[in-house]
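Welcome! Here is a short tour of a protein for you to follow on screen. Take a look at the sequence and the picture, then read on.

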Amino acid sequence: RSVYDDQPNAHQKFMEKLDACIRNHDREIEKMCNFHHQGFVDAITELLKVRADAEKLKVQVTDTNRRLQDAGKEVIAQTEEIIRCRVQQRNITTVVEKLQLCLPVLEMYSKLKEQMSVKRYYSALKTMEQLENLYLPRVSQYRFCQIMIDNLPKLREEIKEISMSDLKDFLESIRKHSDRIGETAMKQAQQQKTFSTALQKQNNVNYGRNTRLGRNRILESKNEVTLKRTFEDEDEHEEEVLTAQDLVDFSPVYRCLHIYSVLGDGEIFENYYRKQRRKQARLVLQPQSSMHETVEGYRRYFSQIVGFFVVEDHILHVTQGLVTRTYTDELWNMALSKIIAVLRTHSSYCSDPDLVLELKNLIVVFADTLQGYGFPVNRLFDLLFEIRDQYNETLLKKWSGLFR
């Protein structure tokens, strides 16, 4: 500021002094450069030498890097292969674990299909229950398990339909074999009655013999009668087994009952069975219009009724709840009223005393047979008094005509 504030020549003087100072500094710089010039030259020379070595080093580093990259590629490839193998191994381990969970499910489902194919429906239902409660919940996240879960209700319905179809076939078979079953049962009852009568007569004869025959003779006769009765009982038992088991296969009823019980529809099955049997009872109790003309018509009518109630009695004793004693008693009371009404109607058309007498004998055998199965038949015995009166009337008519 003093340079600009003083006289006008002060600026010029300042510039001259500044130039002189610059020249002094330049001389000092030059001296310093001259002093360090040789070092600078030596440094440049050494730097040039280092430059050549740096080029060589660069080439060596580049070559080393190339060789390292080439070697590293193989290592990387092997490392990637190891990684891939380990991933595969882990996946395989996972698959094996999942298959160990899935295989029992698939085996049980295969077992279910096999049981369905060989018609072991009750076992198939047990297998379904195990699948639903034990096996499928473990692997429910898989789609095939969902397909199985959706298919099980369909299989249950299929089993119900098949078992119901078998039951319908059984009912049809029972309808056809009722007369044979009843005929056999009536023959057995008649043979038993004949045997009992003969045994009673034999006992009366034995007791009426002279005591001089000796105690041993009486005991021998008793032993013979006892032995004969034993053989008769064995023959009767064999024939009864033949009637109940050989003429009719009851397995469809047992199987259907078990299946519906397992499915929780036992009451539906019981109602259906009882309803169908009531319908069959009405058909059995419906006589033919020409039944009164021959004794065979009455015999066939009684055989069908006996066969029907023998089957019901068998079902009552081999099943629990399907048929009850109350149900059979109700059915028998209904049938008894119908039977008595039918016999009164048809016997009134009969004018042959021999036919009336044969009818009386058939009624006795019929009543004895059903009484042996536990059905009350007192009303049938009461009906015999009416048959006796009718027999007397037809006999009087016949002989009054002959006397005239």
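**Starting with one arginine**

Arginine 67 has a relative accessibility of 46%, so it counts as partly exposed. Keep in mind that you are looking at a predicted model. In it, arginine 67 forms a salt bridge with aspartate 63, with the closest N and O atoms 3.0 Å apart. The points below start with the whole protein and then return to this pair.

**The whole protein**

- Of its 404 residues, 31% count as buried.
- The accessible surface of the protein is about 27,100 Å², and 53% of that belongs to carbon and sulfur atoms.
- Among contacts with a separation of 6 or more, 76% are between residues 24 or more positions apart.

**Salt bridges**

- How many salt bridges does the structure hold? There are 12 salt bridges in the structure.
- Side chains of opposite charge can pair when their charged atoms come close.
- Arginine 67 and aspartate 63 are 4 residues apart in helix α2, which means that about one helical turn separates them. Aspartate 63 is partly exposed, because its relative accessibility is 29%.
- Arginine 84 and glutamate 81 form another salt bridge, at 2.3 Å from N to O. Both residues lie in helix α2, 3 residues apart, or about one turn of the helix.
- Arginine 84 has a relative accessible area of 40%, so it is partly exposed. Glutamate 81, with 37%, is partly exposed.
- In helix α4 (residues 143-208), glutamate 183 and lysine 187 are 4 residues apart, which means about one helical turn lies between them. Their side chains meet in a salt bridge at 3.5 Å, N to O.
- Glutamate 183 counts as partly exposed because its relative accessibility is 36%. Lysine 187 is partly exposed at 43%.
- Salt bridges that share partners join Asp63, Arg66, Arg67 and Asp70 into one network.

**A nonpolar patch on the surface**

- Which residues form a nonpolar patch on the surface? They are Phe40, Ile44, Leu47, Leu48 and Val50, and together they have about 490 Å² of accessible area.
- Isoleucine 44, a member of this patch, lies in helix α2. Its relative accessibility is 34%, so isoleucine 44 counts as partly exposed.

**A loop residue with a positive phi**

- Where is lysine 119? Lysine 119 sits in the loop between α2 (9-117) and α3 (121-135).
- Lysine 119 has a positive phi of about 65°, although it is not a glycine.
- Lysine 119 counts as exposed, because its relative accessibility is 58%.

**Helix α7**

- How does the span of helix α7 (residues 266-285) agree with what 1.5 Å a residue would give? With 20 residues, α7 should span 28 Å, and its end C-alpha atoms are 28 Å apart, so the two agree.
- The buried residues of α7 include Phe269, Tyr273, Ala281, Val284 and Leu285. Arg274 and Arg277 are also among the buried residues of this helix.

**Threonine 369 in helix α10**

- Threonine 369 is found in helix α10 (residues 353-372). Is threonine 369 buried or exposed? Its relative accessibility is 3%, so threonine 369 counts as buried.
- The side chain of threonine 369 reaches the backbone oxygen of valine 365 at 2.7 Å.
- Setting aside residues up to four places away in sequence, threonine 369 touches Ala185, Met186, Ala189 and Val306.

**Helix α11 and its cover**

- Helix α11 (residues 378-403) has 26 residues and reaches 38 Å from its first C-alpha to its last, close to the 38 Å expected at 1.5 Å a residue.
- Leu380, Leu383, Leu384, Ile387, Gln390 and Thr394 are the buried residues of α11. What covers them includes α9 (325-347) and α10.
- Phenylalanine 381 is in helix α11 too, and it is partly exposed because its relative accessible area is 26%.
- Apart from neighbours within four places in sequence, phenylalanine 381 is in contact with Ala367, Asp368 and Gln371.
- Phenylalanine 381 and valine 364 are 17 residues apart along the chain, and their C-alpha atoms are separated by 7.7 Å.

Terms used
Residues are numbered from 1 along each chain as its sequence is written. This is a predicted model: local features need pLDDT of at least 70, side-chain atom pairs count only at pLDDT 80 or more; totals for chains, interfaces and linings use all residues. Side-chain values use heavy atoms; hydrogens and water are left out. Helices (H or I, at least four residues) and strands (E, at least two) are DSSP runs, numbered from the N terminus. The expected span of a helix is 1.5 Å times one less than its number of residues. Buried means under 20% relative accessible area, exposed over 50%, partly exposed in between (1.4 Å probe, protein chains only). A polar contact is a pair of N or O atoms within 3.5 Å; within protein, one must be able to donate a hydrogen and the other to accept it, and residues adjacent in sequence count only if both atoms are side-chain atoms. Contact means heavy atoms within 4.5 Å. Patches are made of residues with over 30% relative accessible area and no salt bridge: like charges are joined within 9 Å, nonpolar side chains (Val, Leu, Ile, Met, Phe, Trp, Tyr) within 5 Å. Accessible areas come from the Shrake-Rupley method with a 1.4 Å probe; for residues, only the protein chains shown count as cover. A salt bridge is a side-chain nitrogen of Lys or Arg within 4 Å of a carboxyl oxygen of Asp or Glu.
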